[in-house]
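Hello,

Please find the structure below. My notes on the contacts follow it.

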Amino acid sequence: MDFSIFAILAQDGVTNGAVYALLAMALVLVFSVTRIIFLPQGEFIGFGALTVAALQSSQFPRLIWLLIGIGVLTFLVELGSALRQRRYKPLPRRLLMWSVIENLIYPQFIWLLAHSFDWQGMPMAVQILFTLAITVPLGIMIYRVAFQPMAEASVLVLLIVSVGVHFALLGMGLFIFGPEGSTTHAFTEWSTALGEMPVSGQSVVVMAVAGSLIGLLYLFFDRTLYGKALRATAVNRKGAQLVGIGTSQAGRMAFGLAAGLGTLAGTLIAPLNTVGYDTGFVVALKGFVAAIVGGLASYPLAAAGALLVGLLESYSSYWASAYKEVIVFTLIIPVLAWRSLTSGHGDEE
Amino acid sequence: MSADNNSKPVLETRNLSVRYGKVEALRATSISLRAGEIVTVIGPNGAGKSSLLNAIMGALPSEGQAEGEVLYQGQDVSHHAIELRLGKGLALVPEKRELFTTMTVEDNLVLGAYRRRKAGWSYRDGLEGIYAVFPRLKERRHQLAGTMSGGERQMVAIGRALMSDPKVLMLDEPSLGLAPRVMAEVFQVISHLRDTGVATLLIEQNSRAALKVSDYGYVLEVGDVTLEGKASELARNPRVIEAYLGAKH
């Protein structure tokens, strides 16, 4: 292997690592705030990529059907829980009104938007923003329907629910998008060379977007009240409840953010890879390996783990291409051994 | 005492019971406190004191079940979520403090005002008020809460609760694990709270110190209120002296 191949593989590894880092951040965020292992993350990769692809080929983004459907379901769940508490207090009219707006009117509004513009001609950034306007509320609704009613359950029960949600969304994905995968347009045709190494514009865009998102996340957690509230919930749930940060509000914020990050990860890989309804799962699992390196708790370690996973994958695809996935996922064994030796037990809560 | 006996209680429990599965921790307890009053509940370990506070706040662990009424300014709040009770003016400083240990002192305090959003009020005003009461927290405002001493943590916990602008402050064993000198400091702060019009419900193992700062007291034993009265009278009651104050003097 000469230097130029080494450099190209490194570039590949870091580019993929940047995407895994976004996914790992989202997994750490959701787990530390809600104790849920966010398996449906992979579906959002597919939803994001396929929705942008649909917009670019002038098709109706059919994910909106799912948004409308789950919106109705969410409204019914909220109405049900309000009716059940009617014995103790009057119907929370304002809350229900908001529920109507968020879960019934907003999806219709998005549907209307999808029909009233020519999305094919829009710049890619606008298409991605519109996709986020579909997937982020979807993530919040999924939390509301599937997880919020059992937020106090054990980690294992939450994991099982998570597996269920993953399969349900996978099935919906197949129904909505069909078995065919798609690719999206390239972000840019521009490319350059650093010495002997060709640098693709695509890689530069991926790294820049992922890097600035990580920077924004840092600012969000460090500077804003909502970010601090999420961190507080992760550090001490009881303390957070006592200052009025509701578990469910924090959970919804975490799921909204995670759905957004998953979607963006999907749109970042879609120009280079054919993404189908089920592609996301394996990609998200690699993000999960990275999150495990960070103990599902540390953002910087998770990001470092993501780079490690990306590089490992890239070099093993050169030397032992058939065993690429095996090598990446085997990484989890030494990592778990190392973590169990260095950290004490009993940190379940 | 600033409040006369005819004024309406700001907080009242009526036949409040708490059970964990089949175990009854608190039995039909009725207590009340008025604005500007310090009321203490003393009693041995496991008498249900913490359950009482957690039930009033709505912060019982998920296996705990409360029954009975919690009246805040005459309104039953026993089915409200913690956030709503907090918004109305209840605040709890729990026995374990439950601080955000990996965040700075100032962030802990700011999060205390998470529910407090009013036009023209900024959390900076609130911080100034807290720093006036606890000057040491101002010096250490950029330090991580987890690196503070026991007494300082207790101050952060009380400061965080005060940031929500409570009308009723509930303190669960504020002197637990503190050195006597630090403990005296904490009790001094508690007695100052009376001047701000906040009603304080205090739970203490250190009955002597608690009765000294309080206006009124209840004795809670195995889930029942067995005795109540003015704090000064309780402190002279032979049964109380024997069971809770006796040993040392």
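How far apart do the C-alpha centres of domain 1 of chain B and domain 2 of chain B lie? They lie 23 Å apart. This is a predicted model, in which local features need pLDDT of at least 70 and side-chain atom pairs count only at pLDDT 80 or more, while totals for chains, interfaces and linings use all residues. Residues are numbered from 1 along each chain as its sequence is written, and chains are lettered from A and ligands numbered from 1 in the order in which they are written.

Domains in chain B

Domain 1 of chain B covers 7-89 + 166-249, and domain 2 covers 99-164; the bounds come from an automatic or database domain assignment. Twelve residues of domain 1 and nine residues of domain 2 take part in the contact between them (C-beta atoms, placed from the backbone, within 7 Å). On the domain 1 side, helix 2 and helix 7 (180-193) of chain B each supply at least two residues. Helix 7 gives the most, with four residues. Helices here are DSSP runs (H or I, at least four residues), numbered from the N terminus. That side of domain 1 has eight nonpolar, two polar and two charged residues (nonpolar: Ala, Val, Leu, Ile, Met, Phe, Trp, Tyr, Cys and Pro; charged: Asp, Glu, Lys and Arg; polar: the others, Gly among them).

Chain B against chain A

Chain B puts 23 residues into the contact and chain A 18 residues. Helix 2 (82-88) and helix 3 (105-112) of chain B each supply at least two residues of the chain B side. Helix 2 of chain B gives the most to that side, with four residues. By class, the chain B side holds eleven nonpolar, seven polar and five charged residues.

Regards

Methods:
Two residues are in contact if their C-beta atoms, placed from the backbone, lie within 7 Å.
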